[in-house]
Amino acid sequence: MNWQNSALALAGVVGAITAVIHGVLTQRLMVRPIEAALAADGHVRAPVRRLVPLLLHFSTVAWLVGGVALIAAAGWFEPQARLATGLGVGGLYLYGALGNFWGTRGRHPGWMLMAAALMLIGVGVTSPN
């Protein structure tokens, strides 16, 4: 495995670990309180109460799948497929990094981890000379 593939795989590991931590924190700090508030409000119907946790965890799942895709790309994909995977996952990670930075005013490590993964993706998709 060359250093580009190693960087791409490491980006996938960083993204996947960040996604798992994000999922745990989202469940604990957002989903549970929102579920409790919705359950207490008698006007919110059951389908809405079931959808809220799924929507809150959508980014977690996307980042986790993206991390696994980057790891797979590093080990098994051809250069063009690695580039396509890097661009697709990089777009997800860029959106997450910018949204996290903006939403937390830069006082949260999530945007830094996604930015680090983005830099590793950039290194990983470059062609060796």
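Trainee: Is Trp111 buried, partly exposed or exposed?
Mentor: This is a predicted model, and the values here are computed from it. Buried means under 20% relative accessible area and exposed means over 50%. The relative accessible area of Trp111 is 24%, so Trp111 is partly exposed.

Trainee: Which residue forms an aromatic pair with Trp111, and in what geometry?
Mentor: A search of the whole structure finds one aromatic pair. Its ring centres are 4.8 Å apart and its planes are at 75°. Planes over 60 degrees apart count as edge-to-face. The partner in this edge-to-face pair is Phe101.

Trainee: Which helices does the pair link?
Mentor: Phe101 and Trp111 are 10 residues apart, and the pair links distant parts of the chain. Phe101, with a relative accessible area of 40%, is partly exposed. Phe101 lies in helix 4 and Trp111 in helix 5.

Trainee: What pattern does the protein chain follow along the sequence?
Mentor: The chain has five helices and zero strands. Its C-alpha atoms fill a box of roughly 65 × 30 × 20 Å along the principal axes. Read along the sequence, the pattern is α-α-α-α-α.

Trainee: How much of the protein chain counts as buried?
Mentor: The accessible surface comes to about 8000 Å², and 73% of that surface belongs to carbon and sulfur atoms. The buried share is counted over the 129 residues of the chain, and comes to 33%.

Trainee: What share of the contacts with a separation of 6 or more comes from residues 24 or more positions apart?
Mentor: Leu120 gives an example of contacts across the sequence: Leu120 is found in helix 5, and touches Ala7, Leu8, Leu10, Ala11 and Val14. For the protein chain, residues 24 or more positions apart account for a share of 74%.

Trainee: How far apart in space are Leu120 and Glu35, C-alpha to C-alpha?
Mentor: Leu120 counts as partly exposed, at 22% relative accessibility. Leu120 and Glu35 are separated by 85 residues in sequence, and their C-alpha distance is 37 Å.

Trainee: Which backbone oxygen lies 2.7 Å from a polar atom of the side chain of Thr18?
Mentor: Thr18 is in helix 1 and counts as buried, at 9% relative accessibility. Leaving aside neighbours within four places in sequence, Thr18 is in contact with Leu113 and Met114. The backbone oxygen in question belongs to Val14.

Trainee: Which backbone oxygen lies 2.7 Å from a polar atom of the side chain of Thr26?
Mentor: Thr26 is found in helix 1, residues 3-40. The relative accessible area of Thr26 is 5%, so Thr26 is buried. Beyond neighbours within four places in sequence, Thr26 is in contact with Val31, Leu56 and His57. The backbone oxygen at 2.7 Å is that of His22.

Trainee: What span should helix 3 have at 1.5 Å a residue?
Mentor: Helix 3 covers residues 58-76, which is 19 residues. The expected span is 1.5 Å times one less than the number of residues.

Trainee: What covers the buried residues of helix 3?
Mentor: The buried residues of helix 3 include Thr60, Trp63, Gly66, Gly67 and Leu70. Ala62, Ala72, Ala73 and Ala74 in helix 3 are buried as well. Their cover includes helix 1, helix 4 and helix 5.

Note on methods. Residues numbered from 1 in each chain as written. Predicted model: local features only at pLDDT ≥ 70, side-chain atom pairs only at ≥ 80, totals over all residues. Heavy atoms only, no water. Helix = DSSP H or I, 4+ residues; strand = E, 2+ residues; numbered from the N terminus. Buried < 20%, exposed > 50% of the residue type's maximum accessible area, 1.4 Å probe, protein only. Contact = heavy atoms within 4.5 Å. Areas by Shrake-Rupley, 256 points an atom, 1.4 Å probe, with all protein chains shown as cover. Polar contact = N/O pair within 3.5 Å; in protein donor to acceptor, adjacent residues only side chain to side chain. Phe/Tyr/Trp six-rings, centres within 6.5 Å; stacked < 30°, edge-to-face > 60°.
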